[in-house]
There are 2 protein chains.
Amino acid sequence: MTKKENILESAIKLFGSKGFEGTSVRDIAADAVVNVALINYYFVSKEKLFESVVEYRASVLKGIFSELFNNKELTAIEKMDIIIDKTIERKFSDANFHHLLHRELSLGSRPQCREAISDILMRNLIPVKKIIKEGIKEGVFNKVDIELTLTTVVGTIHYLLTSDTMCRKILGKKEGFSPFQNKHLKQRLGEHTKKLMRSYLLKK
Amino acid sequence: MTKKENILESAIKLFGSKGFEGTSVRDIAADAVVNVALINYYFVSKEKLFESVVEYRASVLKGIFSELFNNKELTAIEKMDIIIDKTIERKFSDANFHHLLHRELSLGSRPQCREAISDILMRNLIPVKKIIKEGIKEGVFNKVDIELTLTTVVGTIHYLLTSDTMCRKILGKKEGFSPFQNKHLKQRLGEHTKKLMRSYLLKK
DNA sequence: AAAATTATTAAACATTTGTTTAGTTTTAAA
DNA sequence: TTTAAAACTAAACAAATGTTTAATAATTTT
């Protein structure tokens, strides 16, 4: 890893856990084991570093569902299952970055950054929207509120993983329970969400 | 309103929209039109002010569902309807404060504050949990995953209202659309969530 | 090998930060 | 009306902030 990449990784880690304003460039420099001035040398400013961080990681999140939409061998509900599994997988493996995105989204500052982030998140929601719409058109899905149904899917997954503390309290677990490392929770969340969607989308 | 209350109101407003670290005590003093030193005079420190803010508003959020649980005249699903309506009502009328709570929850800093916040949020979730559990015991609800079902309810509502920008994008609305002022959206969200819960909870 | 470009650094910069001090004004009690 | 407490203030404090400078080291190009 180059020093530039070290800075980006440390920035994700710290912005994710302490927030943008809660993280100083010196914190990042210390974590990445580089000189403070190097951050401005490579990224111009703290704010531009943040944008670079989002861009850097956003490419990984890019279009994992777009190919799914064109797949003709899977039924609509099977596609939903895959979407749910992948969404959960992504949240569990990259929780810090998702916290960062949603926290920034809920802030009134840096509007152009909010715009960029919501675009990134929407890239994954648009194919889901299309899949539900297609399911309805084909007659296999009920005529649900499409936009709010996808909100339910991603909202359920997101809310449970807002924080370790909250997750533990919701589930009634002890201090030692670590949601993000817990495979059983991942499966439980998947089962719930899939069952919920089958019950709501599929005609009886 | 006393100056002390002015400070609290300005603090909620600014902490809510710009975050804890993103708001300076001078910002708050300016907004409340008081001298900066008065904040430390009344609240000792910025951090204690934050705790006071949470405490101050938390009392309003207190136990609106606890009496509902003991109500014998309503069916389980009617109780769910009320919970959904009240949850939506609360989020719409006090979005800023909810942003503040959830943002702080997703941060790694101030663990004792996270603990307090998750306790506040749980106060409203525990009766919901009990209501679902009772519905199952009575045989009118399916044997669902109780904890994750309540996560779905609150997660759906919460996710849609993460930010104006994101909400507009999800719903495919134009720039002028203001989610938090929109009565129609409130009703639409209520209808969706209630239908979803009926479909998932009630036996066919 | 010399020159030129890129990477890296320590130190200093001006602001902004939360907080304190020491004093003044206002209010309430005696 | 004097006294004591509470409310309020301007100014100063040290520490931390993001950023720049000016110099040096390393690498690449010629």
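Okay, quick definition before we start: I'll call a residue near a strand if its C-beta atom, placed from the backbone, lies within 6 Å of it. And keep in mind that this is a predicted model.

So, the DNA side. Around DNA strand C there are 16 residues, and the ones that come nearest are A:N35, B:S24, B:A37, B:S45 and B:K46. Which elements give two or more residues to that surface? From chain A it's α3 (36-43), and from chain B we have α2 (25-32), α3 (36-43) and α4 (46-61). The largest share, 4 residues, comes from α3(A). As for the make-up of the surface near DNA strand C, you've got 8 nonpolar, 4 polar and 4 charged residues.

Next up, the two chains against each other. Here 44 residues of chain B are in contact with 44 residues of chain A. On the chain B side, the elements giving two or more residues are α1 (3-18), α7 (95-105), α8 (111-138), α9 (146-160), α10 (164-171) and α11 (183-201). Who gives the most to that side? That would be α9(B), with 10 residues. Sort the side of chain B that touches chain A by type and you get 15 nonpolar, 19 polar and 10 charged.

Last thing, the inside. In soluble globular proteins, nonpolar side chains tend to be buried together. In our model the largest nonpolar core has 91 residues, and the members touching the most others are A:A11, A:F15, B:A11 and B:F15. Take B:A11: leaving out residues up to four places away in sequence, B:A11 touches B:I28, B:L49 and B:V53.

That's my tour, thanks.

Methods: Residues are numbered from 1 along each chain as its sequence is written. Chains are lettered from A and ligands numbered from 1 in the order in which they are written. This is a predicted model: local features need pLDDT of at least 70, side-chain atom pairs count only at pLDDT 80 or more; totals for chains, interfaces and linings use all residues. A nonpolar core is a set of buried Ala, Val, Leu, Ile, Met, Phe, Trp, Tyr and Cys residues joined through C-beta atoms within 7 Å. A residue is buried if 20 or more other C-beta atoms lie within 10 Å of its own, exposed if 12 or fewer, and partly exposed in between; C-beta atoms are placed from the backbone. Two residues are in contact if their C-beta atoms, placed from the backbone, lie within 7 Å. Ala, Val, Leu, Ile, Met, Phe, Trp, Tyr, Cys and Pro count as nonpolar, Asp, Glu, Lys and Arg as charged, and the others, Gly among them, as polar.
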